[in-house]
Amino acid sequence: MYRRENCVVQVMKKGNVPKLQDVLQVPLLVKQPEDRAVLVQPPTQARQEAVVQAFRHAWAAYRAHAWGHDHLKPVSKSYSDWFGGGLTILDSLDTMWIMNLTNEFEEAEQWVKDKLSFDINKDVNLFETTIRALGGLLGAYHLSGHRVFLDKAVDLADRLLPGFHTTSGIPLSDVNLLTHNAHAPSWSQDSSVSEVATIQLEFRALSRLTGDPKYEEAVMHVSKLIHDLPKKDGLVPMFINTDSGLFRPTATITLGARADSYYEYLLKQWIQTGKTIDWLKDDFLEAMEGMVKHLVRRSKPNQMLFVGELLSGRSFSPKMDHLVCYLPGTIALAQMSGAGASPELVSLGRELLDTCHSLYSRTATGLSPEIAHFNLQEDTSNDIIIKNADAHYLLRPETLESLWYFYLLTGNTTYQDWGWEIFQSIERYARVSYGGYTSLGDVRKPLHPRPMDMMETFFLAETLKYLYLLFANKPPLALSSNVFNSEAHPLPVFIS
């Protein structure tokens, strides 16, 4: 299936940044075109089939009302475009392959062949485009072996690379796909740490699959630079400057938005590279110790474990994003991969998953708010506080992702049952007749949850995929040979 190229991937040097001492001596693995790489079994039980039917419902609505556009608007039965590149199609390809939706996959592949063009005069977010579009194309190529997906991935990545042309090598947040001009967000010269540190799996995979080291060089430089920076017991501020390559010292420290997947990709890069770059794993484990030391608390009165934030790097806030609910799954993956996760860390992950499940089970709709605050005061009966601005539900996948990993780790079918409860709540409150699934404005109000008229692409890429995987009798894809990116796109593990 693979042929070896005698290539050397060198970590590039840019500007006035800490010198990089190591050179990666690893062969690149170039996948032969048109190999069908992964055969996936059809659904094996009723819960899986129910998820497949949910996907069909969402896909039919997208096909009818938004075909070729980025997002379906389920309530108005229309569409919206982010950068006009058929993002829902790209994000859904490998989900269809895994679910054995052959007709849908073939039609989407034909659209990619005939219609997909990145000659779009539009500024796009480097991170989101990488994990969704580039990751989607690479996941489809990894599973199908169809060369068109790899060719399109190369075209897209080449348009994104100018984002790395900064003094430090830390990429800018936005790149124009047509002009290749890159720029920082209007409000700052800084980039989010999660955004610059959650593109490594995709660019590395592209280098290893094509034999061209330039993609891996760009992202490995970023990882090594962040590795060399001083941290708070392994924890990082959420912003980093693209000129200096230094953290913004007063930025919030969080495992939620703008920092979350930095920690996820430390572990997954170690796995992707055949567990050969130990400082990635060591940085992850150090960060977990720092999290326990600085961010973990228990609510009152019921002692629910949660992970808060340090505002300006110092003042504790009992705020936890739903995004943090990826973390139990990452801890379970660390245990299954042999990264050296301690029993105490695994126990913490299990308790945090209990809390994430409670974010669903304790609301009137059975769906989680985007953000929760946890009570630390005496004389109150509510552990969880949901503020009006935080009560929306965006069809997010993180808790379901963690349920899957913990089910794989423990075999405990309770995690499947919890996933089924969440799926039933999605069906009850988010399903739109003839229109797919919509985000909701308020999970506290079952009679008036306020549909937001948006079906995010990650609902098809992640939420339904993780549900499908969770309900499988055995894993359709082996974790020994697949690593899932932050958008749930499976990429190959490279073992030299």
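The structure holds one disulfide, a term that stands for a pair of cysteine sulfur atoms within 2.5 Å. This is a predicted model, in which local features need pLDDT of at least 70 and side-chain atom pairs count only at pLDDT 80 or more, while totals for chains, interfaces and linings use all residues. Residues are numbered from 1 along each chain as its sequence is written, and side-chain values use heavy atoms, with hydrogens and water left out.

**Disulfide**
- The disulfide is formed by Cys325 and Cys356, whose sulfur atoms are 2.1 Å apart.
- Cys325 lies in the loop between S14 and helix H11 (327-337) and Cys356 in helix H12 (residues 343-361), so that the pair links distant parts of the chain, 31 residues apart; helices (H or I, at least four residues) and strands (E, at least two) are DSSP runs, numbered from the N terminus.
- The torsion about the S-S bond of Cys325 and Cys356 is about -95°, and the disulfide is therefore left-handed.
- Cys325 is buried, with a relative accessible area of 0%, and Cys356 also counts as buried at 0%, where buried means under 20% relative accessible area, exposed over 50% and partly exposed in between (1.4 Å probe, protein chains only).

**Sheets**
- Three bridges join S14 to S15 (residues 371-374), and Asp321 stands opposite Ile371 in S15.
- Another open sheet of three strands, also antiparallel in its pairing, has the order S5-S6-S7.
- Two bridges join S6 (residues 174-176) to S7, where His183 is the bridge partner of Asp174.

**Helix H10**
- The 17 residues of H10 (residues 278-294) should span 24 Å at 1.5 Å a residue, and the end C-alpha atoms are 24 Å apart, which agrees; the expected span is 1.5 Å times one less than the number of residues.
- Among the buried residues of H10 are Trp279, Phe284, Met288 and His294.

**Largest pocket**
- The largest pocket has a volume of about 620 Å³.
- The lining of the largest pocket comprises 30 residues, of which Phe127, Glu128, Asp260, Leu323 and Arg396 lie nearest its centre.
- H4 gives the most to this lining, with four residues.

Notes: On a 1 Å grid over the protein atoms alone, a cavity is a set of points where a 1.4 Å probe fits but cannot get out, and a pocket is an open set with protein on both sides within 12 Å along at least five of seven lines; lining residues have an atom within 4 Å of a point. Grid points are joined across faces, edges and corners, and a volume is the space filled by probe spheres set on the points. Two strands pair if DSSP finds at least two bridges between them.
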